[in-house]
Amino acid sequence: MNLPDQPPKQGARSLDPHLRRYAARTAGMTASEIRALFAVASRPEVVSLAGGMPHLAALPLDSLSAEVGDLIATEGLVALQYGSAHGVPELREQICEVMALEGIKAHPDDVVVTVGSQMGLDMVTRIFCDPGDVVLAEGPSYVGALGSFAAYQAQVVHVAMDADGLVPENLREAIAAVGRAGRRIKFLYTIPNFHNPAGVTLAVQRRAEVLEICRAHGILVVEDNPYGLLGFDGVTYPALRSTDPDNVVYLGSFSKTFAAGLRVGWVLAPHAVREKLVLAAESATLCPPTLNQMIVSRYLATQDWKGQIKTYREAYRERRDAAISALEQHMPLGSTWNKPSGGFYVWITVPEGIDTKAMLPRAVTQRVAYASGTGFYADGLGSRQLRISYCYPTPERIREGVRRLANVIKDEVEL
Ligand code: PMP
């Protein structure tokens, strides 16, 4: 498809002696700009507002380490053994309790534990998408999801959002346009709460309408919800899955509410889909790590996990406030941004004429990094946008980072 039928004569790619061996699907696999700048961007003098690394605020490390020690001492022969691809049964029950906070009533059998929700995205795409199938996704959308869709050669059609998230009318139009082109839509991929990267939340009154449109057109909904419990006003929105269990596949994660490094997430799927997911998981990893699942299970059983989520919310709200007040103080005229009510991200539009991808190396030289907008679109849009993540740096570093970023933008305006 996209592979050359002659070996390239020159250029960096010709240095790869394996070039002609790769599967066609690797053509869609590209490194993000920030990966390329990673070595420089991760120097301590650079304020990185680029990555979405969670801030592990106030995790009870002492009692956790005692629990993990006890777990290995008492249940080590299970914890260090292979398990089922479906996941540890006790954890699947606890996951149902977590999801109940968003109004979801689920049976533990319909939960499949994954290696982070990223693996859930990969598996869902693997079982549903043939090359050329269409996936609808908000524009912009989560870069890791776009990576999975590209890896399976699905084609993304973006649906524009406004301050209240996905716009139902735009969804209808996108469905009609894909239909006119004679293409097949496999699912709508949506991040309804505290969107990555746009920071917006799908208005509650729109949720039923989005579900209704998808149902009417026979389109499955894939709801990706890693930030749903991190609302700063204490509001937890009802999951899409809570009102349409048969047509929604829900992806969840402990990465943002507990510990990303354990890589434990899950998929909740209608019964038949769940069977296929278990088979897909088996062929990918045999089973998710038993020890990590049991650590999460112990944590939920013995620690104040709801209190911990509250601590995370407060830490992130303070960081959001630092980011927003610094933006208000320093950004030049012609820039706009949203004020997220949860999650990790602010989505910024810079003054006309600036290309945020071209600006990135100059920003890194000025000791600030961000994620440029084009990475969040499959169709080349986003050159005037960028995402900053306020989750990891301290509020003081965030303020300094935003000040530096604003100066870089002002320099660009004056160029
Ligand atoms: N979905 C979204 C929207 C995300 O922001 C992320 C992480 N940044 C993921 C999925 C993957 O999370 P994990 O694999 O750590 O559960």
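Predicted model: local features only at pLDDT ≥ 70, side-chain atom pairs only at ≥ 80, totals over all residues.
Which residues does UniProt give for the feature "domain: Aminotransferase class I/classII large"? I looked it up: the unreviewed entry places the feature at residues 79–405. UniProt positions are in the numbering used here, feature names are shortened, and annotations may be inferred rather than shown by experiment.

Residues are numbered from 1 along each chain as its sequence is written.

Back to the annotated span. I find 44% helix and 17% strand in residues 79–405, and the end C-alpha atoms lie 46 Å apart. Helices (H or I, at least four residues) and strands (E, at least two) are DSSP runs, numbered from the N terminus.

Ligand next. I get 14 residues around the ligand, with Gly116, Ser117, Gln118, Ser253 and Ser255 coming nearest; near means a C-beta atom, placed from the backbone, within 6 Å. Helix H5 (residues 116–128) gives the largest share of the shell, three residues. By type I have four nonpolar, nine polar and one charged. Here Ala, Val, Leu, Ile, Met, Phe, Trp, Tyr, Cys and Pro are nonpolar, Asp, Glu, Lys and Arg are charged, and the others, Gly among them, are polar.

Then the strands. S3 (residues 134–139) is mostly covered, with six of its six residues buried. Buried means 20 or more other C-beta atoms within 10 Å of a residue's own, exposed 12 or fewer, partly exposed in between, with C-beta atoms placed from the backbone. S3 runs parallel to its partner S4 (residues 155–162) over six bridges; pairing needs at least two bridges in DSSP. Leu136 stands opposite Val157 in S4.

I also traced an open sheet of four strands, order S10-S11-S14-S13, with antiparallel pairing. S10 (336–337) and S13 (371–372) are at the edges with a single partner strand each, so one side of each has no neighbour in the sheet. S11 (residues 345–349) and S14 (residues 385–389) pair over five bridges, and Trp347 stands opposite Arg387 in S14.

Last, helix H15 (residues 395–414). Its 20 residues reach 29 Å from first C-alpha to last, close to the 28 Å expected, which is 1.5 Å times one less than the number of residues. I found Ile398, Gly401, Val402, Leu405, Val408 and Ile409 buried. Down the axis of H15 the buried residues fall within an arc of 120°, so they line one face; the arc is taken over directions from the helix axis to the C-beta atoms. Glu396 and Glu414, on the other side of H15, are exposed.
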